[in-house]
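Hi,

Here is the structure I said I'd pass on.

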Amino acid sequence: MLSRRTFVVRGTGLLLAGASGRWLSTPVPAFALNPTPITVYKSSTCGCCAKWVDHLRENGFAPRVRDEEGMDQIKDELGVPHPLRSCHTAIVDKYLIEGHVPAADIRRLLAERPKVAGLAAPGMPTQSPGMAEPGAKPEGYDVLAFQPDGTTRTFTRY
């Protein structure tokens with residue numbers, strides 16, 4: 001018969017061994033250790049823009065937020081095509097990100113590095129990050145890859 005002390009010691013050892021095995025086998029995403037810088041241009045009064053910035057932070061980005069009141073001028077200077085415009089614009093690496101593009105699509109863009117100017121979620125899709133309830137899955141819209149001349153192709157369909 002096991003003594004109480006032996007039972008506790010062995011049980012604790014098993015728990016620690018199991019827990020440490022889980023911790024060691026669970027990979028930590030690289031972006032969690034080294035957040036990806038992204039510059040976000042938005043109006044200071046835009047609530048959904050602030051929520052999108054929160055979405056970026058939650059997904060391993062390090063947003064540098066620039067509150068600007070002349071967003072049309074910023075978009076003109078950066079070359080965002082008029083039909084693709086939304087309420088905020090971001091730059092990550094060499095790419096433009098227009099509107100409520102999910103962080104997963106930005107990650108995919110940076111991994112695949114296609115020859116495009118950027119990604120856009122035109123308008124303000126109601127089920128997109130920053131527009132929908134936090135944690136909701138994107139649905140009912142497309143994220144478009146675009147060229148400087150405004151030509152597009154579907155990058156992701158939700």
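This is a predicted model: local features need pLDDT of at least 70, side-chain atom pairs count only at pLDDT 80 or more; totals for chains, interfaces and linings use all residues.

Let me start with S86, which is buried, at a relative accessible area of 14% (buried means under 20%, exposed over 50%, and partly exposed in between, with a 1.4 Å probe and protein chains only). S86 sits in the loop between α4 and β3; helices here are DSSP runs of H or I with at least four residues, strands are runs of E with at least two, and both are numbered from the N terminus. Leaving aside neighbours within four places in sequence, S86 is in contact with K75, E98, G99, H100, A121, G123 and M124, where contact means heavy atoms within 4.5 Å.

Residues are numbered from 1 along each chain as its sequence is written, and side-chain values use heavy atoms, with hydrogens and water left out.

K75 turns up again in helix α4 (residues 71–78), whose buried residues are M71, I74 and K75. Seen down the axis of α4, these buried residues fall within an arc of 95°, so they line one face of the helix (the arc is taken from the directions from the helix axis to the C-beta atoms). Their cover includes β1 (36–42), β3 (89–92) and β4 (95–99). On the face turned away from the buried side you'll find the exposed residues D72, Q73 and E77. After α4 comes G79, with a positive phi near 90°.

Two residues other than glycine also have positive phi. One is D93, near 55°, in the loop between β3 and β4. The other is R113, near 50°, in the loop between α5 (103–112) and β5 (118–121). R113 is partly exposed, with a relative accessible area of 40%. Most residues other than glycine have a negative phi.

Last, the pockets. The largest pocket has a volume of about 230 Å³, counted as the space filled by probe spheres set on grid points joined across faces, edges and corners. (A pocket is an open set of points on a 1 Å grid over the protein atoms alone, where a 1.4 Å probe fits, with protein on both sides within 12 Å along at least five of seven lines; lining residues have an atom within 4 Å of a point.) Its lining has 14 residues, with H55, E58, G130, P134 and G135 nearest the centre.

Cheers
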